[in-house]
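Thanks for coming. I will go through two chain interfaces and then a few single residues.

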Protein chains: 4
Amino acid sequence: MLDRSAKGVFVIAPTPFLPGGALDLDSTDRMTDAFIAAGASGMTILGVMGEAPKLTEAESLTFVDRVLKRVKGRIPVVVGASAPGFAQMKAISRGSMDLGAAGIMVSPAPGLKGDEAVVSYIAQAMDVVDGPFVLQDYPQLTGITMTAAMIARMAQDQRMVMLKAEDWPGLDKLTAVRKLEAEGKMPRVAILGGVGGQFLPEELARGADGIMTGYAYPEMLVKVCQLMGAGRRDAAQDLFDLHLPLIRTEVQPGLGLAIRKYVLKKRGIIAHDVLRAPGPKMSAETAGEVDYLMGRLERAEARLAA
Amino acid sequence: MLDRSAKGVFVIAPTPFLPGGALDLDSTDRMTDAFIAAGASGMTILGVMGEAPKLTEAESLTFVDRVLKRVKGRIPVVVGASAPGFAQMKAISRGSMDLGAAGIMVSPAPGLKGDEAVVSYIAQAMDVVDGPFVLQDYPQLTGITMTAAMIARMAQDQRMVMLKAEDWPGLDKLTAVRKLEAEGKMPRVAILGGVGGQFLPEELARGADGIMTGYAYPEMLVKVCQLMGAGRRDAAQDLFDLHLPLIRTEVQPGLGLAIRKYVLKKRGIIAHDVLRAPGPKMSAETAGEVDYLMGRLERAEARLAA
Amino acid sequence: MLDRSAKGVFVIAPTPFLPGGALDLDSTDRMTDAFIAAGASGMTILGVMGEAPKLTEAESLTFVDRVLKRVKGRIPVVVGASAPGFAQMKAISRGSMDLGAAGIMVSPAPGLKGDEAVVSYIAQAMDVVDGPFVLQDYPQLTGITMTAAMIARMAQDQRMVMLKAEDWPGLDKLTAVRKLEAEGKMPRVAILGGVGGQFLPEELARGADGIMTGYAYPEMLVKVCQLMGAGRRDAAQDLFDLHLPLIRTEVQPGLGLAIRKYVLKKRGIIAHDVLRAPGPKMSAETAGEVDYLMGRLERAEARLAA
Amino acid sequence: MLDRSAKGVFVIAPTPFLPGGALDLDSTDRMTDAFIAAGASGMTILGVMGEAPKLTEAESLTFVDRVLKRVKGRIPVVVGASAPGFAQMKAISRGSMDLGAAGIMVSPAPGLKGDEAVVSYIAQAMDVVDGPFVLQDYPQLTGITMTAAMIARMAQDQRMVMLKAEDWPGLDKLTAVRKLEAEGKMPRVAILGGVGGQFLPEELARGADGIMTGYAYPEMLVKVCQLMGAGRRDAAQDLFDLHLPLIRTEVQPGLGLAIRKYVLKKRGIIAHDVLRAPGPKMSAETAGEVDYLMGRLERAEARLAA
């Protein structure tokens, strides 16, 4: 079970599909193994990047089950359960916990008005989930602002074990939350960064315990966390900077998941870069740009290793 | 099966719940009977006002089945199938058609960018549904604009049988669509108005074939359609005006469905005015205002009838 | 100078233009006289409905000056000064106060994130204006939510004399503010309703001191306030209901101002129904609908008077 | 006068302020000189990043005049003139052209509905401006989508000389526009990229003629354009990659301009990093991060040069 001491890299997994659109469970196994081999401390599935809203409930639980069976308890798995109604949130979260998930991630529903409504919604969601709760702060998607003071209030509930910090910009908020903790105004929670990995060194320097994101080279994220943990800021930044051109390409809204699956396929981690419809298509030009950046990246990493 | 000659009042049905939150199937039967008794030409279920996004898939099909069994083919039933992914849209729409639905209603997905993307999305959705298709034009909800010219393009597909016109303001668009038809630039489709019934007389005068809405006194909508059809504009408006204060109260965003269920309960049509969480709560003050307006309405209708 | 005892009908004035687009100062005089003759307790100029964002600064102050000169202190005039930057807010508000305005109305700037940011913005705006301050709560326009608790905080500043309550739905918030006042948690402020007049009887019953809106028949608003003040709720509602069809037509987003100017012109209050570009155009069909409703209204008022 | 052969780096200039908030005209001169010395092909002033909406009209024209007097015709200066109404757009654009501006930049007004409305708005804006017209495609700010097909229609007007391509992602649209030109479906226009410089190499490879952005090291942008022009893609990317960490920091929404002014001040280009209120404040932590990245950048550039 996830608790407030969680840290490291939680890889957000896409949901692999076969060319016809069905779940690709073989790729699911291979991907799970690859992420663990890359040094992941955890995995997160059925998030936005997992195309969760495009799965039927049965598919969702089939996928959760497959991942958990493959993981076999080696690392904790967080399952996204944001939904328009609490009935579905309950179905997915309880179902996943029964299958062995370590925690459930939820973001405030779009359309909530005012701080109180958001705090109240999350309080209700924690009752619905009734297990280790990861609060996802992703205003670019939800349109909902959560200030450090609001997060402090939510964290009074012992079930809130982790904040996934995905605001953009969000570094000052991260600092503000850690400050509230230091002042005794809220319990210390695990904080994992996000926004595609764009600010990993800064997030860690500001006090994040790691990152939860789906960048297609998770081993870099792991290494940067290690280097930062060892106080080697320059070395961490050197490695990070090599990946930033590809990260920048991957975080483009709408297009990002298609690029991520393309890279994962090229790396042999999943068999197909299929997205469920409706969804964006990656152009040949974009593919060429990604190929170019991957080539540069591999050469640069080789140089850095040498 | 729904076709382009459809007309009259299609009542948008809420989904009745028991106090614990489960489907209230007895109320479902009673409500179905009441709407048919009120003169409904059709029913629409699992729309936004049916809290469709808060139902599990199994509940959705259970509800569809119950309504269809009760209707027994007396009137056509349209099922809402808008969904984030085509997989769920297919599941709901094919499942509902198999159970006997007359048509499927879909609105463009929020976030589509530019006219072409919207037209293309609807073309794909028609392939997914592959049955009588009702295009829902509801920009207040979706953020998507559909101009008359775009609707004309979509209507080239024979499967698009009906436009549910819910833009606000939308009367000039209704006129523009009818003009394109008259000029031979698009086939004639059925058009039903909406926006809670607020503009029913004007919609009919502009060429709508009826209305699809969930106002809690559907018999008034039926009567206004009849009076307008008989050329009795003043009489139609006289009756309509009596209901406008309550319509105005019912169309308040966010709060409307709670009020609608409250009225339906007071009228004995459903047993409970329960909404699924998360959702708004109606205050005692609002209830008092609704009570007052219902009292005035009944006295006024009695006077008008006398 | 406006203070917390303000009440009655503050008519929101449009800005009249000549066919070429220049300010129509003769109509400005006539309109000012007409509103005072209709029983207005105050006037509000340079609001959204005054096309303020389409005026140059010089035009704004010319218009303010003309209205104030015509009013000659007979009623207080509130000037809207919302602006993207405090520099312009200061220019308009200080300029208007120097010319004799009674107060300044400001809404939170779109894009503010979280309750604290909104409260802080308004605190700064009160310093900028540094005169009697009217807080405009108009989330449909600004996207900003202000809860009763936030309003209570803002009202601690003595300069905040009035709340223009334009949320939709907003009646429960109005009740909540009055409750906070009754509990001693905030000073009593003047509250005027809005939303085009759609809920005038309810607003007054919930504790509003009047209404600030631009409905083209302000004498009805005045009469309803008087009847409600005299405890004649049914009579108030009877009169109000006669106007509701036209109010409903006038509050259509985007189109409303064109309709309002059309009615004011037909009533002889302004000479031209010109809007500044870019702006909506009213169709002949809409004009016909408005003509029809105005005809019905006049006949009904004659009947009611008889 | 700007024409369709424009290319290179058009630096978007901030508006420098003194600590009290007044225009800092000395810094304006120094900044103008610095940008020309950095190799700018043009300058763009009074854009969003120039805090244009926070200036009074008089200040706007004072600033335009100062820049133009300092430039003395050495490079073309584009002036942003987007405004809620055409009256102000005309005042700023005609005023600026009279003072010697080379062109006027306008984006579609937020709130336009549907492709036709956008195309029509821009047609009207071109009549208002009636000079060399730069179409700004910045949907993150305006919420308006412009497809390649829409841009092709707008470009039929000879006055539209340039597209500032700021969609995100926008590379495929850039390719699509160039394809329409190649197919003879629209005249060739100048295209400058944007989005803070994040995709400069890709934009140029896709056919952009340069970039219009305000990144605080414009000499890098110039150098990358030169290297790409010389076919040295790898060298261009090497240089670009050194700056990407800082670019990434600078493009954070809301915070970006504060960071940009901070860097320009540290580089000695402007005297103060003052923003007009209301506006974001940069934290000490962010300043420290920027300092760190600037230090790394300078060392890396020294290494690259060596």
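I start with chains D and A: 30 residues of chain D are in contact with 30 residues of chain A, contact meaning heavy atoms within 4.5 Å. This is a predicted model, in which local features need pLDDT of at least 70 and side-chain atom pairs count only at pLDDT 80 or more, while totals for chains, interfaces and linings use all residues. Residues are numbered from 1 along each chain as its sequence is written, chains are lettered from A and ligands numbered from 1 in the order in which they are written, and side-chain values use heavy atoms, with hydrogens and water left out.

The size of an interface is often given as the accessible area lost when the parts come together. Between chain D and chain A about 2900 Å² is buried, and carbon and sulfur atoms give 53% of that. Buried area here is the accessible area, with a 1.4 Å probe, that two parts lose on being put together, summed over both.

How many salt bridges are there between chain D and chain A? The count is 8, a salt bridge being a side-chain nitrogen of Lys or Arg within 4 Å of a carboxyl oxygen of Asp or Glu. One of them pairs D:Arg206 with A:Glu289, with the closest N and O atoms 2.5 Å apart.

Four elements of chain D give two or more residues to the side that touches chain A: helix 7 (171-182), helix 8 (200-206), helix 10 (233-250) and helix 12 (284-305). Helices are DSSP runs of H or I, at least four residues, and strands are runs of E, at least two, numbered from the N terminus. Helix 10 of chain D gives the most, with 10 residues. By class, that side of chain D has 12 nonpolar, 7 polar and 11 charged residues. Ala, Val, Leu, Ile, Met, Phe, Trp, Tyr, Cys and Pro count as nonpolar, Asp, Glu, Lys and Arg as charged, and the others, Gly among them, as polar.

In helix 12 of chain D sits D:Glu289. D:Glu289 counts as buried because its relative accessibility is 11%; buried means under 20% relative accessible area, exposed over 50%, and partly exposed in between, with a 1.4 Å probe and protein chains only. Leaving aside neighbours within four places in sequence, D:Glu289 is in contact with A:Leu171, A:Glu202 and A:Arg206.

Next, chains B and A. The contact takes 15 residues from each of chain B and chain A, and about 1200 Å² is buried between them, 64% of it on carbon and sulfur atoms. The salt bridge count between chain B and chain A is 0. On the side of chain B that touches chain A, helix 3 (86-99) and helix 4 (115-129) of chain B each give two or more residues. Helix 3 of chain B has the largest share, 3 residues.

Now B:Glu203, in helix 8 (residues 200-205) of chain B. B:Glu203 is buried yet has no salt bridge, and the nearest side chain of opposite charge, B:Lys164, is 7.6 Å away. For charge, Lys and Arg count as positive and Asp and Glu as negative; His and the chain ends are not counted. A polar atom of the B:Glu203 side chain lies 3.1 Å from the backbone nitrogen of B:Gly194.

Last, A:Ala236 is in helix 10 (residues 233-250) of chain A. A:Ala236 counts as buried because its relative accessibility is 0%.

Conventions:
A polar contact is a pair of N or O atoms within 3.5 Å; within protein, one must be able to donate a hydrogen and the other to accept it, and residues adjacent in sequence count only if both atoms are side-chain atoms.
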